[in-house]
Amino acid sequence: MGGSNMNNYVLLSVFVALFLVFVALGFGSSRFRKGDMSDLGEWALAGRRLGGYLAWFLVGADLYTAYTFIAIPELIYEKGAIYFYAVPYVGMTFGIAMITMPRLWRMAKGKNYVTAIDMVQDKFNSKSLAVLLAFTGIAAELPYIALQIYGMQSVLTVMIGHLTSTDAGIVTEIALIIAFIVLAAFTFTSGLRGATITAVMKDVIIFASVIVIIVLVPMYIGGFGVAFSAFDAHKLATGTSNLAGLFVNGFISLTIMSALALYLYPHAINGVFSTNSTKRLRMSTALLPLYGVGLALLALFGVLIYAVPSALADVAKYGAVTVVPSLIYAEFPAWFVGFAFLGIFIGGLVPASIMAISQANLLTRNVVKVAKPNLDPKTEARLSKWFSVMFKFIALLFIFAISSTYSLELQLVGGIIILQTLPAIFIGMYTKRLNKYAVGIGWAAGMILGIYLLIDANFIIGHLPSLETTFFKFSTPFSFLYIGLIALLLNLLIAIVGSLILQPTPSKALQTNKA
């Protein structure tokens, strides 16, 4: 795209026009399959009435986020081959979802659970364990929401940076604040329905943009071979066309742990609970690997940019987080750039909305309601709405204070945190043999070890300075391993061995039956 002011104003006009359509859909969706929005199940789970295709769009928007559009291409461009882990992990995670999520859905439907922690509280008959895991889910979501905002910020940085050379940073921050005020308003009124309907728009734009880019850019530059030759010439830390040997175990452990973590996140479970049957849930899950194809193509953007000098110049100016928007801006006409930029922008807004809803559900159902068990349903829903607003702006303040350099690293920190809920949720679904005290101690040990290893790898020993902030592989006799794996293994060891030594926790239902 040419850098003339006329082209830039065309870009901005298309972007703003489509954003207004997005806003209209967000507010209008409250009338879709209308329900009582003073009920938490209606507001937060769309009344549990979503069919297979809408659930596919929702969960796709829920799981394919700025992490997909921005962070993976950025890290492949900057650090190399290890970040292709995102491609195999999506195939694995849907296999895990096919096994675990229908069972969790049936439990939630039968007992009116709104969060997975409702199941934990009921299964282990432990309010304290539920509160611990609720705060774990809330903490793990914050860096994930921040990653969405970084993706939105990257688009605004390139777009506004080409419109004005002064005060671009301030304008970007003001635009983000306005976007989040709008998002908070329509999420407050429309709940998960707003996220679902806008997810359809987001996914259509993203799929169309990815197909056009992955077909045309290689034609413009002379083929993928040109891009890979330029990529190979840069000798990146973890390898380029081939993964450096030291990182093979890091790649494997990161892939497996990411696959296990994805459906532990509250926002993923929120999407699962919104479906109307296990049949529709399985259908939507079976279709989700189509998004994996899109992810594989998006990952290649981190390679293609090496063959586009004008895009590399923008990345040098604005930072590696702008890899994807810089590539699009350099190669396409203004109207298409506006179209694709809007897709990436709302690709951050929609999942941020769902994540904030899931955080609000945890805080209301598993913290506030533990303290005030007689909370009436209308107050419960009202609290969740306001908490969802609060979490959006906490995440926004968070990113104003943290450098965008750490975008994917933030998500990997969240992964280490959320993995520590695996024994209680995934194993707890299938057995009554776990003891709540053993699970709680295992959780604490995993969290402490994970945080210690992060600090150790980043600030104390610094095993591989060439990776700068990406110290999520820990130097061991097995080369580099994802810290989440090491922490989870300790957690599982304590939870399982401790449960064998101690008596299993009687569930609330079992205690009631005995009475």
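**Figure 1. Lining of the largest cavity in the predicted model.** The residues that line the largest cavity divide into 10 nonpolar, 6 polar and no charged. The model shown here and in the following views is predicted. The space in this largest cavity amounts to about 120 Å³. Of its 16 lining residues, those closest to the centre are Thr 115, Ala 116, Ile 117, Pro 266 and Leu 362. Two or more lining residues are given by each of the elements α6 (116-124), α7 (127-163), α12 (266-273) and α18 (334-371). In total, the structure holds 5 cavities of 30 Å³ or more. Rolling a probe the size of a water molecule over the atoms shows where empty space is left.

**Figure 2. Packing of helix α4 against helix α7.** Two packed helices are described by the angle between their axes and the distance between the axes. For α4 and α7, the angle is about 70 degrees and the axes lie 9 Å apart. Angles of 65 to 115 degrees count as roughly perpendicular, and α4 and α7 are therefore roughly perpendicular to each other. On the α4 side, the contact involves Ala 66, Tyr 67, Ile 70 and Ala 71. These residues meet Tyr 144, Leu 147, Gln 148, Gly 151 and Ser 154 of α7. By class, the residues of this contact comprise 6 nonpolar, 3 polar and no charged.

**Figure 3. Crossing of helix α4 and helix α17.** Helix α4 spans residues 66-78, and helix α17 spans residues 323-331. Their axes come within 8 Å and cross at roughly 90 degrees. Helices α4 and α17 are therefore roughly perpendicular to each other. From α4, the contact is made by Phe 69, Ile 70, Pro 73, Glu 74 and Tyr 77. From α17, Val 323, Val 324 and Pro 325 take part. The contact of α4 with α17 has 7 nonpolar residues, no polar residues and 1 charged residue.

**Figure 4. Confidence along the chain.** The mean pLDDT of the chain is 85, and 89% of its residues reach 70 or more. Confidence is highest in helix α21 (residues 422-427), at a mean of 96. It is lowest in helix α24 (residues 508-514), where the mean is 50. The pLDDT is below 50 over residues 461-471. Beyond near neighbours in sequence, this stretch has 30 contacts in the model. Where pLDDT is low, the predicted coordinates should not be read in detail.

Technical notes
Residues are numbered from 1 along each chain as its sequence is written. This is a predicted model: local features need pLDDT of at least 70, side-chain atom pairs count only at pLDDT 80 or more; totals for chains, interfaces and linings use all residues. Side-chain values use heavy atoms; hydrogens and water are left out. Axes are lines fitted to C-alpha atoms, for helices over the stretch in contact, and angles run from 0 to 180 degrees between N-to-C directions. Helices (H or I, at least four residues) and strands (E, at least two) are DSSP runs, numbered from the N terminus. Angles under 35 degrees count as roughly parallel, over 145 as roughly antiparallel, 65 to 115 as roughly perpendicular and the rest as oblique. Contact means heavy atoms within 4.5 Å. Ala, Val, Leu, Ile, Met, Phe, Trp, Tyr, Cys and Pro count as nonpolar, Asp, Glu, Lys and Arg as charged, and the others, Gly among them, as polar. pLDDT is the predictor's confidence in each residue, from 0 to 100. On a 1 Å grid over the protein atoms alone, a cavity is a set of points where a 1.4 Å probe fits but cannot get out, and a pocket is an open set with protein on both sides within 12 Å along at least five of seven lines; lining residues have an atom within 4 Å of a point. Grid points are joined across faces, edges and corners, and a volume is the space filled by probe spheres set on the points.
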